Amino acid sequence: MSVHKDVRKVTTHVLQEMKFRGQKIAMLTGYDFSMARILDGAGIDIILVGDSASNVMAGYETTLPITLDQMIYHAASVVRAVSRALVVVDLPFGTYQGNSKVALESAIRIMKETGAGAVKMEGGSEIRESVVRILSAGIPVMGHLGLMPQSIHKFGTYVVRAKDEAEAIKLVEDAKLLEELGCFGIVLEKIPADLGGRVAAAVKIPIIGIGAGGQVDGQVLVLHDMLGITQEFSPRFLRRYHDLFSEIKGAVEHYISDVRTKDFPNEKEQY
Ligand code: KIV
């Protein structure tokens with residue numbers, strides 16, 4: 001029997017059950033009310049209010065500039081649209097690294113001011129204290145390992161991570177640690193497929209991949225990339241399901257032409 005079909009509200013327990021039964025979890029990013037309503041209506045399991053909003057909504061080159069207030073604005077808009085999916089919100093850069101008290105305050109603001117169901121944080125053993133403190137307040141935490149965009153200035157590039165064994169071992173250890181601390185799931189970004197499978201087998205919590213191959217428990221993509229709204233970003237792991245950039249541009253060009261030729265509005269479109 002499918003857990004997925006009968007569920008009226010996706011919780012962390014439902015996701016755990018899906019992994020247990022071998023049912024794949026579908027997750028997408030979402031940043032606004034209208035899109036979130038479409039994703040939820042389509043039956044997505046998790047909507048991630050990702051700090052990729054910094055790129056696709058605000059036009060910044062990295063995820064670093066987005067603020068906690070801005071993430072809260074996006075997340076509250078998403079939550080208002082959603083009745084079934086679990087809404088997970090990224091803690092933005094600078095709101096949890098290094099000081100677990102600040103981390104807890106940031107997570108509490110997200111939960112109180114948005115109504116979301118969980119937060120996501122990048123890192124392993126380095127952020128242990130913050131993870132523990134947030135979990136101790138009863139806030140579900142999702143980890144994020146592999147390519148961690150908030151650390152882009154440390155690595156300098158967005159290339160595949162953990163290709164060498166030392167890095168792979170640290171990643172598996174970090175995943176085990178996050179599970180042990182009590183995280184309900186982990187996003188794995190841009191790592192070799194075999195390593196994705198290794199991590200998914202090493203822990204009982206769901207592993208959601210983005211460029212981590214097919215052996216993990218679920219997949220996540222950035223909505224604007226999979227819909228083809230963004231065009232310049234084309235990593236190997238990205239499957240585009242639409243060319244919305246061209247569709248929207250075509251519709252706007254059509255509208256401009258109708259206004260200029262006085263075709264719009266016609267008799268029926270006015271009072
Ligand atoms: O911010 C984001 O969109 C993410 C995904 C890449 C998983 O963290």
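Let me begin with a term: two residues are in contact when heavy atoms of theirs lie within 4.5 Å. Among contacts in this protein chain between residues at least 6 apart in sequence, 58% join residues at least 24 apart.

A word on the source. The model is predicted, so local features need pLDDT of at least 70 and side-chain atom pairs count only at pLDDT 80 or more, while totals for chains, interfaces and linings use all residues. Residues are numbered from 1 along each chain as its sequence is written, and side-chain values use heavy atoms, leaving out hydrogens and water.

I turn to the overall form. The protein chain holds 12 helices and eight strands; these are DSSP runs numbered from the N terminus, helices being H or I of at least four residues and strands E of at least two. Its radius of gyration, taken over C-alpha atoms, is 20 Å, close to the 18 Å that the globule rule gives for 271 residues, so the chain is as compact as a globular protein of that length. That rule is 2.2 Å times the number of residues to the power 0.38. Along its principal axes, the C-alpha trace spans about 65 × 45 × 40 Å.

Next, the strands. Eight of them form a closed barrel in the order S1-S2-S3-S4-S5-S6-S7-S8, with parallel pairing; two strands pair if DSSP finds at least two bridges between them. Neighbouring strands of this sheet are turned by 25° against each other on average, direction ignored, with axes fitted as lines to C-alpha atoms. As one example, strand S4 (residues 118-122) is joined by four bridges to S5 (residues 141-146), and the two run parallel. Here Val119 has Val141 of S5 as its bridge partner.

What, then, of the interior? Buried residues, those under 20% relative accessible area with a 1.4 Å probe and protein chains only, make up 51% of the 271 residues.

Val14 leads us to helix H2 (residues 12-21), where Thr12, Val14, Leu15, Met18 and Lys19 are buried. They lie on the same side of H2, because they cover an arc of only 160° around the axis, judged by the directions from the helix axis to the C-beta atoms. On the other side, His13 and Phe20 are exposed, that is, over 50% relative accessible area.

Conventions. Axes fitted to C-alpha atoms, helices over the stretch in contact; angles between N-to-C directions.
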